[in-house]
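Notebook open, viewer loaded. I'm jotting down what I look up as I go.

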Amino acid sequence: MDLLYCAACAALAAGKDILDVYLDPNSDFGIEKKADNSPLTIADKKAHERIMTYLTQTPYPVLSEEGKHMDYAVRKEWNTLWIVDPLDGTKEFIKKNGEFTVNIALVKEGVPVLGVIYVPVKEELYLAEEQLGAFKLQHIAPGSCPENLESLLAGACKLPMEQPEKNAFVVVASRSHLTPETQEYIEKMESLHEKVETRSSGSSIKICLVAEGAADVYPRFAPTMEWDTAAGHAIARAAGKNIWHTDLQSPLQYNKEDLLNPWFIVQ
């Protein structure tokens, strides 16, 4: 089984389940509060269940935001695992601004080596594998999946993409989590570059914007979990970028005992 193809089909199928809820005029999204007070919707649950039907066909265990989290005593034995966020950007989903994604990553020895991010509303699919490279597909409908990886990649653009001539240094920031530290970082960039433009976006789309070359940097000085970044990290790595600790010396690691990420910078 081609793992990248499997993950892509899983993300596209989950995207359809999410949009079925998102576009249903009679749906109240079934919003609940999790233990950390973050929102959980029926779409999160449906997407998780759909993705599991695909990934359980592979040899590797799954760490999903919406699944059962095994004790570290068990997880630390997992040399290779899937890290999944079935619906990244639940707040954006509830706000109905379209800026939410499906995130699926394969992690080996703490390093994300394969990643898929699907943006259902925009019908955009990002996918990457470290030996193959990173790609973006547009106009790929939720629930669709070409017959094999070759046909899936036939219409893809390799990342980073050629950009129209940029006349500014572009910083991408969170739409829901703009902290004082982020503002301070932007001001620092303004002192280093002639012109700085700030773009706001939700979910893991921010990492994809850096990977594709539309943005130069994404600083994150607010909490995230491993499933928020693993897929984007794989895409960034395959596109020649990385997600660094704020010292810019070492990249983020995965399947840690504490699944909370440190602050980071994507560039």
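Helices here are DSSP runs of H or I of at least four residues, strands are E runs of at least two, and both are numbered from the N terminus.

Ground rules before going on: this is a predicted model, with local features needing pLDDT of at least 70 and side-chain atom pairs counted only at pLDDT 80 or more, while totals for chains, interfaces and linings use all residues. Residues are numbered from 1 along each chain as its sequence is written, and side-chain values use heavy atoms, with hydrogens and water left out.

**Helix 8**

I checked the length of helix 8 (residues 226-238): at 1.5 Å a residue its 13 residues should span 18 Å, and the end C-alpha atoms are 18 Å apart, so the two agree. The expected span is 1.5 Å times one less than the number of residues. I also found a kink of about 25° centred on glycine 232; the bend is the angle between axes fitted to the seven residues ending there and the seven starting there.

Is helix 8 mostly covered or uncovered? Covered: twelve of its 13 residues are buried, meaning under 20% relative accessible area with a 1.4 Å probe, protein chains only (exposed is over 50%, partly exposed in between). Trp227, His233 and Ile235 are among the buried ones.

Next I looked at an open antiparallel sheet with strand order 12-14-13. Strands pair if DSSP finds at least two bridges between them. Strand 12 (218-220) and strand 13 (243-245) are the edges, each pairing on one side only. The twist averages 20° from one strand to the next.

Strand 12 and strand 14 (residues 264-266) pair over three bridges, and arginine 220 has phenylalanine 264 as its bridge partner in strand 14. Helix 7 (residues 205-212) packs on this sheet, touching strands 12, 13 and 14, and its direction makes about 145° with that of strand 12. Axes are lines fitted to C-alpha atoms, for helices over the stretch in contact, and angles run from 0 to 180 degrees between N-to-C directions.

**Cores**

Which residues touch the most other members of the largest nonpolar core? Trp82, Phe93, Ile104, Leu125 and Leu127, out of 38 residues. A core is a set of buried Ala, Val, Leu, Ile, Met, Phe, Trp, Tyr and Cys residues joined through side-chain atoms within 4.5 Å. Helix 1 (3-22) is one of the elements supplying at least two residues, and helix 1 gives the most, with twelve. Apart from this core lies another, of 36 residues, including Leu81, Ala214, Ala238 and Tyr254.

Technical notes. Contact = heavy atoms within 4.5 Å.
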